[in-house]
Amino acid sequence: GSSTSSTSPYSERMIASFTSAPHFYLHAEVSARRLVALREQLLPILEADGGPRLTITDLLVLICARALQRHPRAMAQYSPEGLRPASGIHIGVATDTPGGLVVPVIRDADHLPLDELVRRRAELIQRARAGKSLPQDFDGGVFTLSNLGGFRVDSFDAILNPPQATLLAVGRIAGRAFAEDGKLALVPTMMLSLSVDHRVLDGAAAARFLDEIVRLVESPSAAITH
């Protein structure tokens, strides 16, 4: 019989992405001890202004923005005529809504002070979940962050959000056996998975980009005080 189900426009784009862009994935486990501590340190400061609650996702957006500044090719987009450079660091945040997955975009994330970035992320997600997104909320993304840390997901590989060439998938922070300072200890860690379009970045270039993200997750104050 005929099926009455339909796929969303986003799902159709994911199918097109997975069948056209040659994906590969890089994985890293990273200590989140300092990231968690930084959030706890900044929470009362930002909440004193009555703003939205600071999340790990906000800090990761800022970290990714800093890494993209140093690795602009990771924001380029493939076309048959050649690579198209990004017009700015516009980071999409994959968001679960009653209508399905959407990716609102924080534009010029590298130019935003942390409190403004938090406010903009909160506004975009609130509108998306209420079904009141504006068309411009989804414009111009050059990189996507997908954080499933709120679920019992340790790690996952995500399909690229076309025409973007890179996406960072983040699992939950949990206590895991991890070597720190040459000793095995129970450490809060997170699993990072970088999805990459091989037409834009090769393995070594993608590894350097992921290394930069790992470095900033381990020393997040460097991203804040940039």
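**Terms and their grounds**

Modeller: Leu54 lies in the loop between α2 and α3; helices (H or I, at least four residues) are DSSP runs, numbered from the N terminus. This is a predicted model, in which local features need pLDDT of at least 70, side-chain atom pairs count only at pLDDT 80 or more, and totals for chains, interfaces and linings use all residues. Residues are numbered from 1 along each chain as its sequence is written, and side-chain values use heavy atoms, with hydrogens and water left out.

Colleague: Why is Leu54 called buried?

Modeller: Buried means under 20% relative accessible area, exposed over 50%, partly exposed in between (1.4 Å probe, protein chains only). Leu54 has 0% relative accessibility, so Leu54 counts as buried. Beyond its neighbours within four places in sequence, Leu54 is in contact (heavy atoms within 4.5 Å) with residues including Arg39, Leu42 and Leu59.

Colleague: What makes Glu212 buried?

Modeller: The relative accessible area of Glu212 is 9%, and therefore Glu212 is buried. Glu212 belongs to helix α5 (residues 203-218).

Colleague: Which residues of α2 and α3 make the contact?

Modeller: Leu35, Leu38, Arg39 and Leu42 of α2 meet Ile56, Leu59, Leu60 and Ile63 of α3.

Key: Helix = DSSP H or I, 4+ residues; strand = E, 2+ residues; numbered from the N terminus.
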